[in-house]
Amino acid sequence: MFLLAYLALGAFAGVLAGLLGVGGGLVIVPILTFLFSAQGLPAPYIAHLALGTSLATIIFTSVSSLRAHHGRGAVDWQVVRRISAGIVAGTLAGSWVAAQLSTRSLKVFFVIFLYYVALQMLLNIRPKPSRQLPGTGGMLGVGGIIGGVSSLVGIGGGSLSVPFMAWCNIPMHTAIGTSAAIGFPIALAGAVGYVANGLTVATLPPWSLGFVYLPALAGIALASVITAPFGARLAHSLPVAGLKKTFAFLLMVMGTKLLAGLL
């Protein structure tokens with residue numbers, strides 16, 4: 001039953017990622033939290049498992065996405081090279097911090113971030129291109145922030161890296177493609193961090209590799225890789241702007257449901 005739920009979640013996240021250009025982690029993390037609770041996984045580590053599993057699934061979806069964007073010449077590999085060291089360091093640090101926090105604290109942080117993204121989409125907030133990319137130190141710092149926050153909320157970082165690059169006068173289609181490429185080191189470093197920090201926890205369920213729950217990883221990754229191209233094709237025939245607002249309301253509903261469970 002739960003394997004079917006993981007497959008359905010992966011299919012839904014894949015279509016959304018292809019259709020709206022948003023990372024599946026925004027959907028995967030809260031729904032995995034609900035599914036893991038229903039499945040009876042250890043309550044103190046439900047958020048850790050949801051975050052680690054989400055990042056592990058993004059390894060597979062980001063490869064598919066970055067290949068598609070690279071084929072269209074929409075990836076600025078110089079930006080990827082300059083920001084990746086900070087991304088990896090920040091993501092590894094974020095996964096360590098997450099391992100020290102309680103499930104409640106992680107849920108609160110995730111809910112705050114979910115509302116931030118939802119409002120950004122509802123109000124169509126976009127930073128005005130007003131500067132150029134910073135130097136080496138600045139790129140390392142920005143990468144560290146993007147990686148750290150992304151690992152704490154289980155996403156590929158697009159909701160942070162795209163606005164940053166747009167602010168730095170990078171064309172939007174290039175910012176989106178480059179963000180897809182940046183999502184790979186975030187997902188890889190995040191998954192490694194969550195695996196490593198969870199290996200010493202003795203009370204995790206069977207079929208866990210650290211804080212990555214392998215049955216959920218398999219179901220979500222398989223379905224999302226298959227359905228993402230379908231979502232990308234739908235993007236050319238559906239009113240994406242209106243759908244983004246609908247998705248933003250969905251994020252707010254999920255955030256409110258998570259918040260209600262904490263009160």
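Start with a pair of helices. Helix α3, residues 46–71, packs with helix α8, residues 172–198, at an angle of about 145°. Their axes are 7 Å apart. The crossing of α3 and α8 is left-handed. Keep in mind that this is a predicted model.

Which residues of α3 and α8 make the contact? From α3 we have His48, Leu51, Gly52, Leu55, Ala56, Ile58, Ile59, Ser62, Val63, Ser65, Leu66 and His69. From α8 come Ile176, Gly177, Ala180, Ala181, Gly183, Phe184, Ile186, Ala187, Leu188, Gly190, Ala191 and Tyr194. By class, the contact of α3 with α8 has 16 nonpolar and eight polar residues. No charged residues take part in it.

Next, helix α4, residues 77–100. Helix α4 has 24 residues. From its first C-alpha to its last, α4 reaches 34 Å, close to the 34 Å expected at 1.5 Å a residue. Where does α4 bend? At isoleucine 83, by about 45°. Ile83 is also one of the buried residues of α4. Others on that list include Val79, Val80, Gly86, Gly90 and Gly94. What covers the buried residues of α4? The cover includes α3, α5, α6, α7 and α8.

Buried residues of α5 include Thr103, Lys107, Phe110, Phe113 and Gln120. Leu114, Val117, Ala118 and Met121 of α5 are buried too. Hold on to those four.

Here is where they return. Leucine 251 lies in helix α10, residues 240–262. Is leucine 251 buried or exposed? Its relative accessibility is 0%, under the 20% cut-off, so leucine 251 counts as buried. Setting aside residues up to four places away in sequence, leucine 251 touches Leu26, Leu114, Val117, Ala118 and Met121. Leucine 251 and tyrosine 116 are 135 residues apart in sequence. In space, their C-alpha atoms are 9.8 Å apart.

Over to leucine 3, in helix α1, residues 2–20. Leucine 3 and valine 15 are twelve residues apart along the chain. Their C-alpha atoms are separated by 19 Å. What does leucine 3 contact, leaving aside neighbours within four places in sequence? Pro215 and Gly219.

Last topic: backbone angles. Most residues other than glycine have a negative phi.

- Asparagine 169 is in the loop between α7 and α8. Its phi is positive, about 70°, although asparagine 169 is not a glycine. With a relative accessible area of 38%, asparagine 169 is partly exposed.
- Tryptophan 207 sits in the loop between α8 and β1, residues 208–209. Its phi is positive and near 70°. Tryptophan 207 is exposed, with a relative accessible area of 65%.

To recap: α3 and α8 pack with a left-handed crossing. Helix α4 bends at isoleucine 83. Leucine 251 is buried. That's the tour. Over to you.

Terms used
Residues are numbered from 1 along each chain as its sequence is written. This is a predicted model: local features need pLDDT of at least 70, side-chain atom pairs count only at pLDDT 80 or more; totals for chains, interfaces and linings use all residues. Side-chain values use heavy atoms; hydrogens and water are left out. Axes are lines fitted to C-alpha atoms, for helices over the stretch in contact, and angles run from 0 to 180 degrees between N-to-C directions. Helices (H or I, at least four residues) and strands (E, at least two) are DSSP runs, numbered from the N terminus. A crossing is left-handed if the near helix is turned anticlockwise from the far one by less than a right angle, and right-handed if clockwise. Contact means heavy atoms within 4.5 Å. Ala, Val, Leu, Ile, Met, Phe, Trp, Tyr, Cys and Pro count as nonpolar, Asp, Glu, Lys and Arg as charged, and the others, Gly among them, as polar. The expected span of a helix is 1.5 Å times one less than its number of residues. The bend at a residue is the angle between axes fitted to the seven residues ending there and the seven starting there. Buried means under 20% relative accessible area, exposed over 50%, partly exposed in between (1.4 Å probe, protein chains only).
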